[in-house]
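Hello,

Here is the structure for you to look over.

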Amino acid sequence: MTDLLITDARLLDPATGLDARGDLLVRDGRILDHGTNLGRPEGVTVLAALGACLAPGLVDMRASLGEPGAEHCETISSAAQAAAAGGITTLCALPEHPLHDPALIEFMIRRGEATRSLTILPYAAATRGPREIAEYGLLREAGAVAFSDGTQTIAEARTMRLALSYARAFGCFVAQHPEDPSLAAGGAATEGERASRMGLPGIPAAAEAIQVARDIALARLTGGHVHFSNISTAAALGLIRAAKDAGLAVTADTAPPYFDLNETAIGDYRTYAKLTPPLREDSDRLAVVAALADGTLDAIASDHTPRDPDDKRLPFAQAQAGGTGLATLLAVTLARVHAGDLSLLAAVGLLTARPAALLGIAAGGLARGAAADLVLFDPESAWQITSGKLSGKAQNTPFDGRPVEGRVIATFKSGRRVFG
């Protein structure tokens, strides 16, 4: 492999606090050095960054993939294409159907390797049913990064207690979709004036906080690590903040819709904006922004959920929830930088070093000797998110029509250019 020298870049490494102009040298797929005055080794390929930002490849800690089981919505190959366009080089996958079989875990990892652009780290199923725990030892040995039932809440308290205890024994966490199913059943939008005026069945925002409160109590009881996905309400964030202050093993992430959109985005029954959990009031959105800034939230995940067009071309209450997010993850996150809510280094950290540390993986940094998984981007370059024009197969974006600033110029996987 030819040496690669990226010159005149703004180097961003949240793991070390690095934010400085310089060059970065890649040899044999790994970062050999970075800084100033690196010289130009004989035969090196030179890429002039012209002041663009060079950061670790993004670590997306939760994305649902169509394959296996829903290839009509998306394949791993098309998801890898979208991920590369978004600067994502590592992705924690929630397949359409929970993975109970170690062979399927291995299959997902191999399929990621076959793309040559994306490392896939699968979540294994947390349960086999309401009261049965999956085979954590075998699934972890096969390569599962953690355990989750995806958008299906682990509702039975005894089962969640066992899940937390078993996951602790294997050194990982249980990722929970925090929504009390008895309150959320049949709902399509956040309960309140808007849902009532639109004639939509509502889901009370309290459904999230109620589930979070129960699972924090179980984390205290077991000493296990619970991770809450897609946090979207101020009440839940208050509980998580208090649990962290108490020293409990509690972490959480959110996704761009919950800090960039509010419930008004469902507009005139706009099904692309039907998500799970549903979009909230603006006061909740502002609370999510504040929690990103103060460290209560540990990561930003894409929550990429591919849907077939026919899944969305239905009355709002019947349409499937979910939106794509791989190609738009960086750009929508950078909106919080342009708004002054986050520093650039902090925003990049929520997409790289912090999820990597939470997952316990060797990614998300620019350390010498690390794999050269990199994203080069211009934080000021303007474009418009348009359904039908995104990379990849799935196009059901809740951000359709949104102007953004922040364009990926190039993505590198182990030093090999895979986008741009």
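Below are the overall fold figures, then the salt bridges.

Please keep in mind that this is a predicted model.

Overall fold. The chain has 14 helices and 20 strands. For 420 residues, a compact globule would have a radius of gyration near 22 Å; the chain has 21 Å, which agrees. Its C-alpha atoms fill a box of roughly 65 × 45 × 45 Å along the principal axes. Buried residues make up 57% of the chain. Of contacts between residues at least 6 apart in sequence, 74% join residues at least 24 apart.

Charges. The chain carries 38 positive and 47 negative charges, and their mean positions are 1 Å apart. The whole structure holds 19 salt bridges.

One of them pairs Glu-208 with Arg-280, with the closest N and O atoms 3.8 Å apart. Glu-208 sits in helix H7, Arg-280 in the loop between helices H9 and H10, 72 residues apart. Both residues are buried.

Asp-260 bridges to Arg-402 at 2.7 Å between the closest N and O atoms. Asp-260 is in helix H9 and Arg-402 in the loop between strands E18 and E19, so the pair ties together parts 142 residues apart in sequence. Asp-260 counts as buried at 13% relative accessibility. Arg-402, at 24%, counts as partly exposed.

A local case: Arg-285 and Asp-282 meet at 2.6 Å, N to O. They are 3 residues apart in helix H10, about one helical turn. Arg-285 is buried at 16% relative accessibility; Asp-282 is partly exposed at 29%.

Finally, salt bridges with shared partners join Asp-260, Arg-336, Asp-341 and Arg-402 into one network.

Best wishes

Methods
Residues numbered from 1 in each chain as written. Predicted model: local features only at pLDDT ≥ 70, side-chain atom pairs only at ≥ 80, totals over all residues. Heavy atoms only, no water. Helix = DSSP H or I, 4+ residues; strand = E, 2+ residues; numbered from the N terminus. Rg over C-alpha atoms; globule rule 2.2 N^0.38 Å. Buried < 20%, exposed > 50% of the residue type's maximum accessible area, 1.4 Å probe, protein only. Contact = heavy atoms within 4.5 Å. Lys, Arg positive; Asp, Glu negative; His and termini not counted. Charge placed at Lys NZ, Arg CZ, Asp CG, Glu CD. Salt bridge = Lys/Arg side-chain N within 4 Å of Asp/Glu carboxyl O.
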